[in-house]
Amino acid sequence: MLPDNDGQAGDLAAPTPRATVALGLPSIRMVVENDVCVGCGVCSVATGGDIDVALNENGYYSAQLDNLPESTVAMGSSVCPFADETPDETAVADRLFTSTPSEDPVVGRYISIQVGRVTSDQRILGSSSGGMTSWLAGELLDKGLVDGVIHVGSATEPLFEYMASWDMEGLETNRKSMYYSTTVTEVVNRIRGDGLRYAFVGVPCFVTAMRHLCASDKVLASQVKYFIGLVCGHLKSSFFAQSLAWQTGVAPDRIDSVDFRVKREGRQSSDYDFSAIDSSTGTELSRPTNSLVGGNWGHGLFQLNACNFCDDIFAETADITFGDAWLPRFKDDWRGTNVVVCRDPQLAELLQDGVSDGRLLLEPLGAEEAAVTQEGNVRHRRVGLSVRLADDAADGSWTPHKRVVTSYEGVDDDRLAIIRSRRKLTERSFEVFPRALAAGNLGKYILGMSIHIARHDVLYFRRSLGKIKRGYVVFVRGVWVPSISELRRRSRACTSTVHED
């Protein structure tokens, strides 16, 4: 299913009891101390706000555990998605989806797997991919199955936050992917006990966190009726949006709003633009995402460290999951196509009704092909995780207990180098960008990251170094990297763009 000699290193281990926490301390302390906190905020809800979740200096949310009694910390640990005290995704799914007929080691349990999109071109243009997530959320509202939908939406400061929508207008104005750090604390506290029913939309770790919270909170369990999952490559710090906007010509302190996925007719589905609106002029500026430093998702710039320890790709604890169908036969459809993994019989009926009345185009997809839609993600969260766990074990570093085997087996030297290089790229992005911000000099970021990115990229081409791309003309420590003149040219071009705007 996956190329590059990944072997069995990416397979899930048989489900095992969660690890015993050293010294009997709540493992959420280790989660936070080792920067594995994703900032979901369920620990704050579970403790009535005693655990605070706040933005840190790297632009993402993290739990604050200083000076708290162990009983409070233990309560937070009992719902944390990365704590050893909570059941893993396999155990949660086994409890929830007892009647699902099929199971796959990558996709998880499922009733059906399909691929397709909404038929309305008008609706699909305002969506990130095939328009399926907002379509289903709207159906749940329209049919009275829920009173509201909890989801991420546009805000002012920060740019995005979790919110609740009770009508189609709220959903329509908050569609599309939003690659930004968020927390559920405020919205969940606000809706808890209001007597209304909700659907919750989130990435895998947030869905699992909410499952843990609902398992310990009867009030919320009675309110959150459906969990809609989103396939996730990894979560981003707010630095990601700031860095892309800066490269389009909108300085970080002048960002009014951003759009991470602007579709352009005639391009391939993965070839979209990033746009930002300048708060001082109202001007919208955009550039192709893949032309921006950090725009290549595989580089992992500004990725949360927690995402280095996640093995859930298809939101295995969600009732239904939507993602991008990155398959060759759909790449030329610039409108976008979704892969849909359904685990709930009632939601499966809604999908079928949508097909029957002509609002949806869906066709069956095999589990193996569904995994191929996310093959790079699978390598990162399974093969890469095996290596990172092994590396950290060798260093004596703490890691959360995972379903993936700690092993180098089946991973060749080239893949090992790529996995380790990608991790370093993430770390360096958090070092370089704050320095550029402090200096007010975008060129420092462009120049500072480009040489590291070039060294990383050449690992993919080490078998064909004779075909050197223009600008990659210096041989440094065994790899071809851009010359200083080439890096300066890029920096000047970027700086010139910013000054002109």
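Student: How many cavities of 30 Å³ or more does a search of the whole structure find?

Tutor: Six, and bear in mind that this is a predicted model. The largest cavity has a volume of about 80 Å³.

Student: What makes a space like that a cavity and not a pocket?

Tutor: A 1.4 Å probe fits inside a cavity but cannot get out, whereas a pocket is open.

Student: Which residues and elements line the largest cavity?

Tutor: The lining has 14 residues, with Cys37, Gly39, Cys40, Cys43 and Cys80 nearest the centre. Helices α1 (28-33) and α2 (42-46) are the elements that each give two or more residues to this lining. By type, the lining divides into 12 nonpolar residues, two polar and no charged.

Student: Why is histidine 151 called buried?

Tutor: Its relative accessible area is 6%, and buried means under 20%, so histidine 151 qualifies. You will find this histidine in strand β6 (residues 148-154).

Student: What makes the pairing of histidine 151 and serine 165 a polar contact?

Tutor: Their side chains are joined at 2.7 Å, and the cut-off for such N or O pairs is within 3.5 Å. Histidine 151 also touches other residues, including Tyr162, Leu171, Asn174 and Val201.

Student: How do you know that helix α6 is largely enclosed by the rest of the structure?

Tutor: Nine of the 11 residues in α6 (residues 132-142) are buried, so the helix is largely enclosed. Among them are Met132, Trp135, Leu136, Glu139 and Leu140.

Conventions: Residues numbered from 1 in each chain as written. Predicted model: local features only at pLDDT ≥ 70, side-chain atom pairs only at ≥ 80, totals over all residues. Heavy atoms only, no water. Buried < 20%, exposed > 50% of the residue type's maximum accessible area, 1.4 Å probe, protein only. Helix = DSSP H or I, 4+ residues; strand = E, 2+ residues; numbered from the N terminus. 1 Å grid on protein atoms, 1.4 Å probe; cavity = no way out; pocket = protein on both sides within 12 Å on 5 of 7 lines; lining within 4 Å. Points joined across faces, edges and corners; volume = space filled by probe spheres on them. Nonpolar A, V, L, I, M, F, W, Y, C, P; charged D, E, K, R; others polar. Polar contact = N/O pair within 3.5 Å; in protein donor to acceptor, adjacent residues only side chain to side chain. Contact = heavy atoms within 4.5 Å. Lists of a residue's contacts leave out its neighbours within four places in sequence.
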